[in-house]
Amino acid sequence: MPQDKTGEAREAPGSKLSVLRKHPIFCDLEPEAFDQLCRYAKHSTLKRGATIFSKGDAGTSMFAVISGTVKISISSADGRSAILNLIGAGEIFGEMTVLDGQVRSADATANTSCELFIIDRREFIPFLKSQPALAMKFIELLCTRLRWTSEQVEQIILQNLPGRLASALLRLTEKHKLAPGGRTIAVTQQEISEMVGMTRESINKQLRVWADRKWVRLEHGAIVVLNAEPLQSLAEAGSGDNGD
């Protein structure tokens, strides 16, 4: 049976366990319960491009990102791919199959060099059953994931390219709670194209229009949102003004 394709897991360094303590899911755990959770967390480092798990693998563990970015994606037999989510530092992923015991529904890849915590399902499920408040938080997390997916589907079906692209940029800036005054998104134009379902050329053309208007600034491997207000208007308009 396929297993998660991470490097060798090691005991979690104490200084990095603050990632778990600060996470909204785990921040309210009693100290004794949190210490128990930490004993389950194994530390792993991955190089960019490393496969964490593949669609169809057994869901044997969940993950917390200490540093770096993880790409959640799906691909077709003819080589096309779509990015469902980008998971950054302080976020968790892989929880769905840990909770329902089914196989992975997508691929997870290290989008950059990453540090992860890995928590095995065999240890986590009994722990979760002893923490009803924690179980409720996981229900809330799954609802958030479902809303995120519904929004993506709505945008791809109903919005034009500028609306889709604006929505994606705003969603990424909000998701990562970036500092005010310069919202930098560490994402390539190819990755954005795979998120919104359009060609990289179309994405580049639209971003350059917005860059000329000082709405965004294009950097190597990143996009900086300079003026979110007109992007918000495009996202809300959907099939209205195309921003050209």
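This is a short chat about a predicted model of one protein chain.

Biologist: What kind of model is this, and how are residues numbered?
Modeller: It's a predicted model, where local features need pLDDT of at least 70, side-chain atom pairs count only at pLDDT 80 or more, and totals for chains, interfaces and linings use all residues. Residues are numbered from 1 along each chain as its sequence is written, and side-chain values use heavy atoms, with hydrogens and water left out.

Biologist: Thanks! How many helices and strands does the chain have?
Modeller: Nine helices and twelve strands, taken as DSSP runs numbered from the N terminus (helices are H or I, at least four residues; strands are E, at least two).

Biologist: Which strands form the open sheet?
Modeller: Three of them, in the order β10-β12-β11, with antiparallel pairing. Strands count as paired if DSSP finds at least two bridges between them.

Biologist: And which ones stand at the edges?
Modeller: β10 (183-185) and β11 (216-219); each has a single partner strand, so one side of each is left without a neighbour in the sheet.

Biologist: How many bridges join β11 and β12?
Modeller: Four, in the antiparallel sense, with β12 covering residues 222-225. Arginine 217 stands opposite valine 224 in β12.

Biologist: Switching topic, what share of the chain is buried?
Modeller: Buried residues are 46% of the 244, where buried means under 20% relative accessible area, with a 1.4 Å probe and protein chains only.

Biologist: And what share of the contacts join residues at least 24 apart?
Modeller: Among contacts between residues at least 6 apart in sequence, 73% do; contact means heavy atoms within 4.5 Å.

Definitions and conventions. Buried means under 20% relative accessible area, exposed over 50%, partly exposed in between (1.4 Å probe, protein chains only).
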